[in-house]
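Please read them with the sequence and the model side by side.

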Amino acid sequence: ILRFMASEDSLNSQARIVPSNFESEIHIVAVVIPASKTNAFMEHLKPFTFNRPKMKTVLAADAAPQIAEVTLPEECPTPKRRAVMLNEEVSAAGMVPVVGDDSSTLLRGLPDKEREWVLEKGGRPVRHTLTLGYELLTVEQVLRRIIPESVAKEVPSSFETAGHVAHLNLREEVLPFKYQIAQVILEKNSPRVRSVVNKTASIATEFRTFPHEVLAGVDDLVVELKEGGSKFKLDFAKVYWNSRLQHEHTRLANLICCANKGTLQSGHVGKEGASCTGTTAVTTALGAAGNKKRAAEEALPTGDSASVEPPGAAAGGVEGGSKELGSTKKRRKQEEWAKKKEAGKGGCGGSGGSASAASSFSGQSPHALFDRTSGQGTTVADLMGGVGPFAVPLALRGARVHANDLNPDSYAWLSHNVTLNRVANLVHPYCMDGRRFVAVLRGRTPVPPIPPTALLAAAQAAAASSSLMATSTTPLSSSSFASSPPPPPNATGDDGDDKKKEVWLEPVWFEHAIMNLPQTAIEFLDAFRGFLYTRPRPSGKRGPTTAENEEEEEEEEGAAPALAAGGLVLEEVGETRKLPMIHVYCFEKELDGDPDAAPRNAIARCVAALGGVGAPASLLPRDQVDVHVVRYVSPQKPMLCLSFRLPFAVASAPPLEFPV
C-alpha cells in the first residue's frame with residue numbers, strides 16, 4: 001500500500017493557512033433596547049435578525065460604546081441595555097446615505113409595520129461594526145477565498161469520515177491546494193477529526209484497498225467506530241471500509257432475519273421484504289419515477305418496544321436466549337417483557353414498522369433497534385466479509401456466520417471485531433479465496449492453514465487494541481495464534497501419518513450467501529456449482545450429534561452412501577430445507593432510454609457465471625431476482641444487490657475441483 005505523509009517542509013509558510021489573513025469587517029444595524037424587552041423584540045423581528053453560526057444575535061451593553069451613548073425614551077442604565085442586531089440585507093438598506101439622515105432612517109430596510117413597532121416600543125437603531133475572524137468562517141467560506149475562481153467549482157463540499165479519519169477524493173484541478181484544504185478540514189472539525197487523507201489512485205488491488213496520502217494530522221489510521229449497534233475497529237490504510245454502506249448492512253441483516261421468521265418467500269426476497277417489520281426495504285426498478293439519489297436510499301431500521309432487550313438479559317449472549325435470573329423480582333420483570341414482546345410480534349420482531357418509526361428510537365440504545373433473537377437458526381456464508389460489517393450485525397441478531405476474506409488484515413480485524421462485540425461463539429473467521437471457501441464449507445476440501453501474514457496481522461491488531469492488552473501482559477506475536485482458525489463445532493480431523501492433521505468440516509448447509517465485492521463478485525458465482533456435492537464422512541468419523549441430525553444419522557447407520565463422480569456424495573434437498581439465497585453485489589452502467597438495462601445486464605452476467613458460457617437465460621428468470629439499488633457511485637453507474645435462490649441445475653452440476 002502506497003502511503004505518503006506530508007512533511008513540515010511541504011506545509012511551509014506559503015502553504016499554511018494564516019488565520020489573521022481572513023479577518024474582515026461587516027457593518028450592520030443594531031436596535032438598542034432595555035434588557036427586559038429582549039424576548040419581545042427577538043420574537044417580533046425574528047425574520048430580520050442577524051443569524052450566523054457561532055455568533056450571537058444579541059449584544060451585551062459593553063459590546064460597543066454606542067449602546068451606552070444612545071438615548072432611550074425611558075430611563076435605562078447601561079448595564080441593563082441590550083442590542084438586537086439586524087441581518088445584512090436589512091442593514092445594507094439602512095446604511096445608504098440620504099438627505100436629512102437621522103437615526104430612524106437606519107431602519108429603512110424593515111417593513112413599515114415592523115419599523116413603526118420598533119420605534120413605538122422604545123427601540124433605537126445604531127451603527128455597529130462586526131469583525132469576522134477565521135474561527136467564524138465555514139470550511140467552504142475559507143476555501144473559496146484561497147482557491148481561484150476558475151477551479152472553485154471543484155472545491156469539495158463534503159467528505160467521508162471513518163472514526164477520526166476524514167477521507168477526501170480530490171480532483172486534479174485542486175491538488176495544488178490539497179494541504180490547505182486538509183488543514184482547514186482538520187481545524188474546523190477538531191477534535192472529532194484527527195487525520196485527513198486523500199485517495200491518490202483507484203481501488204485496483206485484490207484486497208480492495210487504495211493508495212492514499214496523509215495530508216494533515218496524525219499518521220494513525222487505526223480507527224474505532226460504531227454502526228447500527230455494532231462496534232468496529234480497523235486499520236483504514238490496510239482494509240476496505242465504506243461508511244456510505246451503513247444502511248445497506250442494516251437492510252440486508254434485517255432482510256435475512258425476516259426470511260428466517262418465514263416472512264419472506266423463496267425467490268421474492270425484496271417484494272415481501274418491503275413490508276417486513278424491522279426493515280423498510282427500498283426495492284425499486286432502475287429508472288423509476290423520482291430522482292436517482294432518492295431511489296437509491298438505503299433502508300432504515302424500524303420497529304418498536306418489542307425489540308428492546310429484556311431487563312437482566314445476558315449482555316453478551318444472543319444464541320442461548322435470556323439469562324436465568326436468580327430473584328423472583330427479576331424473573332417477573334423478564335416475564336413481563338416477554339409478554340410485551342409476544343403481544344407486539346409482527347413479522348420480524350415489531351408491530352407494523354414504518355419509515356417514520358425510525359425517529360422514535362432517538363436516544364435509545366443501538367441494540368434496541370433490532371430483535372437479538374430474530375436470526376437464531378439461520379446460517380450465513382459471507383464470502384468477502386471484510387472486517388465484519390455484515391457478519392457482526394447478523395450475529396448480534398442471533399445468526400451463525402461463516403465469514404471469509406482473502407486480505408490477511410481483514411481477517412485479523414474481523415477476528416478482533418467478533419470478540420469486541422462478544423459474538424465469537426457465532427462468527428467463524430476464515431482467510432482464503434472465496435471459491436475455496438465454499439468448497440471448504442461444503443466439506444469438499446480441507447480447511448487451509450491461515451497464512452503467516454494473517455497471523456502477524458492478527459498479532460498487530462491485538463497489540464493495537466488497548467482492551468485486549470489490558471487483559472494480558474504477555475507480548476503478542478504471530479506465534480500467539482494457531483496456524484489454522486478455531487474450527488467450528490462440526491470440524492473433524494483425519495487420522496494419518498502426517499505431523500499436521502488436516503481439518504475438514506462436516507458439510508455446512510447455509511441459508512444465505514453474501515458476496516460484497518461489487519467489482520468482481522459475480523465472477524465468483526461459479527463457486528456454487530455442485531453445491532449439493534459433499535465429501536463422504538470417513539468411517540467411524542461422524543460429527544457431533546445434535547437434535548437436528550440425530551434422526552438423519554440413525555437412518556444412515558449401516559448404509560454406505562452412494563458416491564458420485566470424484567468420490568463425492570450428492571445430498572438431497574428435502575421439504576424442510578431449501579437451496580441458499582444468494583445476495584451478490586455489482587456495478588452496472590445505465591443506458592439512456594432503457595431503464596431496465598442495468599438489472600438485465602447484471603442478471604445476464606450472473607447466468608454466465610453460474611452456468612458457464614452459453615447458459616440459457618431461463619437458468620435465472622428475471623421475475624425470480626430481486627434488484628435493489630444500493631447507491632449511485634456516478635450519475636450512470638449504480639451499485640446493485642441481486643438476491644435470488646441458487647438454481648437446482650447449478651447446485652447439482654459438477655463442482656469446481658481444488659487440489660487437496
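Predicted model: local features only at pLDDT ≥ 70, side-chain atom pairs only at ≥ 80, totals over all residues.

1. Among the contacts in the protein chain with a separation of 6 or more, 71% are between residues 24 or more positions apart.

2. The largest nonpolar core has 48 residues, and those with the most contacts inside it are Met515, Leu525, Phe528 and Leu642. Several elements give two or more residues to this core, including helix H13 (434–441), strand E17 (512–515), strand E20 (581–587), helix H17 (597–611) and strand E22 (637–645). H17 gives the most to this core, with seven residues.

3. When its neighbours within four places in sequence are left aside, Phe528 is in contact with Leu383, Val438, Phe510, Ala513, Met515, Ile582, Leu646, Val650 and Ala651. There is also a second, separate core, which has 46 residues and includes Val223, Leu396, Ala412 and Val427.

4. Val427 leads on to strand E14, which covers residues 427–430. From this strand Val427 and Pro429 point one way while His428 and Tyr430 point the other way, and all of them are buried. Strand E13 (residues 400–404) runs parallel to E14 and is joined to E14 by four bridges; in one of the pairs, Val401 has Val427 as its bridge partner in E14.

5. Elsewhere, four strands form an open sheet in the order E3-E4-E2-E5, with antiparallel pairing. Strand E3 (58–59) and strand E5 (124–132) are the edge strands, each of which pairs on one side only. Strand E2 (residues 24–34) is joined to E5 by nine bridges, and these two strands run antiparallel; Ser24, for its part, stands opposite Leu132 in E5. Helix H3 (residues 88–95) packs on the sheet, where it touches E2 and E5, and its direction makes about 90° with that of E2.

6. Is Asn51 buried or exposed? Asn51 is found in the loop between helix H1 (38–44) and E3, and it counts as exposed because its relative accessibility is 68%, whereas the cut-off for that class is over 50%. Although Asn51 and Leu86 are 35 residues apart in sequence, their C-alpha atoms are 8.5 Å apart in space.

7. The cysteines deserve a separate remark. The structure holds zero disulfides, and Cys606 is accordingly in no disulfide, the nearest cysteine sulfur being that of Cys586 at 6.3 Å.

Definitions and conventions: Residues numbered from 1 in each chain as written. Heavy atoms only, no water. Core = buried A, V, L, I, M, F, W, Y, C linked by side-chain atoms within 4.5 Å. Buried < 20%, exposed > 50% of the residue type's maximum accessible area, 1.4 Å probe, protein only. Contact = heavy atoms within 4.5 Å. Pairing = 2+ DSSP bridges. Axes fitted to C-alpha atoms, helices over the stretch in contact; angles between N-to-C directions. Disulfide = S-S within 2.5 Å.
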